[in-house]
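Subject: Structure handover and notes

Hello,

Here is the structure I said I would pass on. My notes on it come after the file.

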Amino acid sequence: MRRRLGSHALVALAIPTVLVLVVVFYYPVATVLIEAVRLDGTLTFAAFLEILRDPFYFGDLARLLAGESPTVVLRDVVSPDRRLGIVGFTAYQAALSTLASVALGLPGAYLLARFEFPGRRVLRSVTILPFVLPSIMVAAGFVATFGRSGTLNAALAAIGLPRVELLYTLEAIVIAHAFYNAPLVTRVTTAAWESVDASAVETARSLGASPLRAFVDVVAPQVYPAVLLGAALSFVFTFGSFPIVLALGGFELATVEVFVYRLVRDLEYAEAAALALVELAISLTLLYGYLRYEAAHTVRSRGARPLPRRSLRPPSGFRSGTLRELLPRAGLAVYALVAALVFLAPIASMLWASVTGPDGVTLEHYRFLLERQRTGAAFQVQPWDAVRNSLLFGLAALAVALPMGVVVSVLTTREYRGRKLVDAAAMAPLAVSGIVVGLGLLRGLVFGVEVAGTRIAVGGAVAIVAAHAVAGYPFVVRTVAPGLESLDRSLAESARALGASRLRALLDVELPLVWPGVVAGAAFAFAISVGEFSATVVLATGTDQYTMPIAIERFIGRRVGPATAMGVVLLLVTTASFVVIDRLGGDHGGL
């Protein structure tokens, strides 16, 4: 009996994981999608079609459904006086953000993949940091950098140059999106570049190919699929961007995600659901198109010898180096200045703005937070309550997301029919926006569900934890599953041959070997929960369940100083959490 229970332990663990996903993700999202096509209990596409026909949403393209000539509509679309609509503008800013991300990310990949220098490994590792920095905190940093009294204008005024108005412009949104997505492009492209087999390039050169021709014919085909992956993901992420656009653009530069939030706030749930369905369809279509392309154009390298890296210092020195040696290094020097402005300036400006005021260095912004905590009204955000809620929600979400992520990692690395389908279904939360998840949880679990004549409802805090766990567990999967996939199967088979059950072999052999991935996944899950904004702002509206990102968003529109001070608190909490989780993980050899 004990052996039978052990052999079915993975199935037993999978059942609660599936139930949690169904209850806190698939059911809430389904309620949103169903509400978009149902009116008064009748199946209808009226709300969906109304959005497609509304020029406010689709601009000139909406005229196609009104029966106008495609030729006339296309001529107007490419004219300077075109109307983009909300969806068109969202796609336009996402396209610009994607171009900026690729332009900023590719030189970084070239630097990391082709050159050797002190600190290269550290720099390669920190390219992951933007994924765990809360977006609303970064928005506060950009306000401190590009605001009218920000560090950029202060620096320009110091050298006698006129001020620039970047805040609340499309340019600010694009730069902020590049902050997040350029490291993604860098990371995936660097990995592809480092996997190119040096012998293939050497063979091409020995057959008479020039360095440029060898790059075009051998290196580029193995690198550009990764660039397209980074671009596709950047477009999807920026198409569904919410906190950055809300903080740096407001409703004047509203995207689909921002307008869904506005409709939810105005209790226009049917229209919000229909618009969210349009957004989801566009994002999934783009990802599906990329996956089809990847399947048809994947180039596999059979070699294991990577291209040799060159020193950043030219062989003949900087003074006597040839133009061919100095030109790429000069380009990288310019890139380093631009990258420092984009990546370091917002964080440094936020730190500086939190301790300065009109009269110089001051702690007045931190005193404001303390005063607000002591005397703030019940309807106002109180800083300590926001910190406490963020930590409690983060710990609760971690307790749910970590075991879920480990179980899904195990399920997606075993050999059985339908494994890829399970992997795709488990990773679906990455493709669904937090606004949709939050709206689904609000309309479903928070408002209540009728089950066998009994109405079941959960509190806002439980729904927030559920949303955070759904957002965090895919990152646990992505850090644990590759390690499990690469393990030597003979290790687990040997444990099974010695009498260990399948569960015991997993706990005693496999997970201890991938423990660094488990710890990294735990850090990601906690940090994502602490910085989550999209679902939280929907679920926390009208309650006292606000978190640190919500506090920053409330302050940033009125008091930039306190917003930056709250951003520093959030940065410290996130950093300390990483350190604590890493230390706890380092002190143990397994679960």
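Predicted model: local features only at pLDDT ≥ 70, side-chain atom pairs only at ≥ 80, totals over all residues.

Residues are numbered from 1 along each chain as its sequence is written, and side-chain values use heavy atoms, with hydrogens and water left out.

Overall

The protein has 28 helices and 8 strands, taken as DSSP runs numbered from the N terminus (helices H or I, at least four residues; strands E, at least two). Of its 591 residues, 49% count as buried (under 20% relative accessible area, with exposed over 50% and partly exposed in between; 1.4 Å probe, protein chains only). Among contacts (heavy atoms within 4.5 Å) with a separation of 6 or more, 75% are between residues 24 or more positions apart.

Cores

A nonpolar core here is a set of buried Ala, Val, Leu, Ile, Met, Phe, Trp, Tyr and Cys residues joined through side-chain atoms within 4.5 Å. The largest has 130 residues, of which Met-137, Leu-275, Tyr-473 and Met-566 touch the most other members. Helix H22 (residues 460-486) gives the most to this core, 13 residues. Leaving aside neighbours within four places in sequence, Met-566 is in contact with Leu-369, Pro-383, Ala-386, Val-387, Met-548, Ala-551, Ile-552 and Phe-555.

Leu-248

Leu-248 is found in helix H13 (residues 243-248) and counts as buried because its relative accessibility is 0%. Beyond four places in sequence, its contacts are Ala-139, Phe-142, Val-143, Leu-167, Tyr-168, Thr-169, Ala-172, Ile-173 and Ala-176. Its C-alpha atom is separated by 9.8 Å from that of Ile-556, 308 residues apart along the chain.

Helix pairs

Axes are lines fitted to C-alpha atoms, over the stretch in contact for helices, and angles run from 0 to 180 degrees between N-to-C directions. Angles under 35 degrees count as roughly parallel, over 145 as roughly antiparallel, 65 to 115 as roughly perpendicular and the rest as oblique. A crossing is left-handed if the near helix is turned anticlockwise from the far one by less than a right angle, and right-handed if clockwise. For residue classes, Ala, Val, Leu, Ile, Met, Phe, Trp, Tyr, Cys and Pro are nonpolar, Asp, Glu, Lys and Arg charged, and the others, Gly among them, polar.

- H14 (residues 256-265) and H21 (residues 434-446) pack at about 20 degrees with axes 10 Å apart, and are therefore roughly parallel. Glu-257, Val-260, Tyr-261 and Val-264 of H14 meet Gly-434, Ile-435 and Leu-439 of H21; these divide into 5 nonpolar, 1 polar and 1 charged.
- H11 (residues 198-206) and H12 (residues 211-239) pack at about 135 degrees with axes 9 Å apart, so H11 is oblique to H12. The contact is made by Ala-200, Val-201, Ala-204 and Arg-205 of H11 and Pro-211, Ala-214, Val-218 and Val-219 of H12. By class that is 7 nonpolar, no polar and 1 charged.
- The axes of H19 (residues 383-411) and H25 (residues 515-531) come within 8 Å and cross at roughly 140 degrees; the two are therefore oblique. The crossing is right-handed.

Regards
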